[in-house]
Amino acid sequence: MDTAITSKVLVLDKDADCYGTIKAFCERNNLVGLKVQEEHVMSVLRSNVDLGGIMLSESCAGLGEAGRGLARRIHEVRPELPIFLRRRREAAADDEISPRERMLFDAVYRIDEIDSLGAAVAASIFSQHYPNALVRGIAEISRMVLEKQFPGMNVDMERPYLVRDRIIFGEVFTLIPLESNWCRGYMMLQAEQRALQALVPNESEDFRDLNNTLGEITNLIWGWFKNRFINQTQLVQQLSQVPIIINHPHRYISFGSEDAQLCFKYVLADKDGGVPVVLQQRFIFNLSWSPEDFTENQASVEDLFESGELELF
């Protein structure tokens with residue numbers, strides 16, 4: 001199981017000669033580049049594409065266009081996404097961007113010095129470290145639950161990835177709190193209502209039954225997560241909360257944190273054919289995150305003796 005964490009970035013550049021260099025940079029830095037044409041960028045940003053950032057060339061940015069250029073419009077639509085600006089080849093070294101426009105970008109670079117962008121990508125997108133054992137364990141638990149709940153389906157999983165956007169996928173989602181000595185936050189499962197109906201075709205079409213299906217999956221994954229990763233003997237001090245803001249017309253949800261969210265995408269396909277069903281899972285550690293304190297629960301020798309799984313020889 002490949003649990004190396006990636007992140008998708010939108011690449012908007014008119015210079016085809018730069019594509020190879022940008023693609024190589026993305027591969028070296030665990031980024032998945034998605035090329036988009038300028039006329040389609042706003043519709044893509046309003047879609048369900050999970051993004052970690054945007055790589056934008058100066059030729060597309062519309063700098064100096066009375067504050068209404070493409071860079072400004074992108075920032076207004078998706079202010080949570082970092083924008084990395086590539087300067088034109090012909091731009092002089094002393095040709096500075098105005099301070100007002102410079103604030104739109106997390107970093108500015110030139111194509112022949114693209115590796116200098118690596119630190120900004122790490123700081124903007126990969127700002128949180130997720131232990132491999134946690135990422136692998138979440139994938140194993142979730143896949144096991146889905147396979148047991150839907151034995152007639154093949155369950156495939158994409159590589160885990162980070163997103164900075166706050167766009168809700170589908171019409172139905174569940175939230176459940178996660179609290180331990182090393183994390184406090186939420187797990188969220190998201191799905192399209194029609195997709196849920198495909199998972200439970202024999203159920204009634206009452207949306208409450210579909211909600212219950214997603215809720216049951218969420219509860220099962222949460223239970224396994226708690227048993228594997230949360231030490232029940234260590235009391236969690238209850239700290240302050242932050243409001244969760246949901247804007248339905250814009251399919252937007254905010255947990256009050258700018259940190260990237262850890263995401264998993266599961267694709268369920270009927271073994272006899274049919275349209276695949278997508279479930280998206282996000283982990284949002286917005287209240288507390290201390291990966292240095294993370295441990296997996298392991299049964300002690302004493303526990304194994306008491307349960308009869310071990311005996312003295």
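**View A. The lining of the second largest pocket has seven nonpolar, one polar and three charged residues.** In this classification, Ala, Val, Leu, Ile, Met, Phe, Trp, Tyr, Cys and Pro are nonpolar, Asp, Glu, Lys and Arg are charged, and the others, including Gly, are polar. The model is predicted: local features need pLDDT of at least 70 and side-chain atom pairs count only at pLDDT 80 or more, whereas totals for chains, interfaces and linings use all residues. Residues are numbered from 1 along each chain as its sequence is written, and side-chain values use heavy atoms, with hydrogens and water left out. The volume of the second largest pocket is about 200 Å³. Its lining consists of Val 11, Tyr 19, Ile 22, Lys 23, Cys 26, Glu 27, Leu 31, Val 32, Gly 33, Leu 34 and Lys 35. Helix H1 (19-28) and strand S2 (31-35) are the elements that give two or more residues to this lining. Helices (H or I, at least four residues) and strands (E, at least two) are DSSP runs, numbered from the N terminus. A pocket is an open set of points on a 1 Å grid over the protein atoms alone, with protein on both sides within 12 Å along at least five of seven lines; a cavity is a set of points where a 1.4 Å probe fits but cannot get out; lining residues have an atom within 4 Å of a point.

**View B. The largest pocket holds about 240 Å³ of space.** Leu 45, Arg 46, Ser 47, Val 77, Arg 78, Glu 80, Ile 167, Asn 247, Pro 249, His 250, Arg 251 and Tyr 252 form the lining of the largest pocket. Five of these lining residues are nonpolar, three are polar and four are charged.

**View C. The largest cavity has a volume of about 70 Å³.** Two cavities of 30 Å³ or more are present in the structure. For such volumes, grid points are joined across faces, edges and corners, and the space filled by probe spheres set on the points is taken. The lining of the largest cavity includes Tyr 130, Arg 166, Phe 255, Asp 259, Phe 283 and Phe 285. S13 contributes the largest share of this lining, four residues. By class, six nonpolar, four polar and two charged residues line the largest cavity.

**View D. Glu 258 lies in the loop between strand S11 (252-254) and strand S12 (261-270).** Glu 258 counts as exposed because its relative accessibility is 54%; buried means under 20% relative accessible area, exposed over 50%, and partly exposed in between (1.4 Å probe, protein chains only). Leaving aside residues up to four places away in sequence, Glu 258 touches Glu 80, Arg 164 and Arg 166, where a contact means heavy atoms within 4.5 Å. Glu 258 and Leu 81 are 177 residues apart in sequence, yet their C-alpha atoms are 9.6 Å apart in space.

**View E. Strand S12 is mostly covered, with seven of its ten residues buried.** Strand S6 (residues 153-157) runs antiparallel to S12, and five bridges join the two; strands pair if DSSP finds at least two bridges between them. Met 153 stands opposite Asp 270, and Met 157 has Tyr 266 as its bridge partner. In a regular strand the side chains alternate between the two faces of the sheet. In S6, Met 153, Val 155 and Met 157 form a covered face, while Asn 154 and Asp 156 form an uncovered one. Three bridges join S12 to strand S7 (residues 161-163), also in an antiparallel arrangement, with Leu 162 paired to Leu 262. S12 and S13 run antiparallel and are joined by seven bridges; Lys 265 has Gln 280 as its partner in S13. Six residues lie between the strands of the hairpin of S12 and S13, and in this hairpin Gly 273 takes a positive phi near 100°.

**View F. The ends of helix H9 (residues 207-229) are 33 Å apart, C-alpha to C-alpha.** This agrees with the 33 Å that its 23 residues should span at 1.5 Å a residue, the expected span being 1.5 Å times one less than the number of residues. The buried residues of H9 include Leu 210, Leu 214, Ile 217, Ile 221, Phe 225 and Phe 229. Among the elements against which the buried residues of H9 pack are helix H7 (132-149), strand S8 (172-179) and strand S13 (277-289).

**View G. Helix H4 (residues 70-77) has Leu 70, Ala 71, Arg 72 and Ile 74 as buried residues.** The elements that cover the buried residues of H4 include strand S1 (6-12), helix H2 (41-45) and strand S3 (53-57). In the protein as a whole, buried residues make up 46% of the 313 residues.
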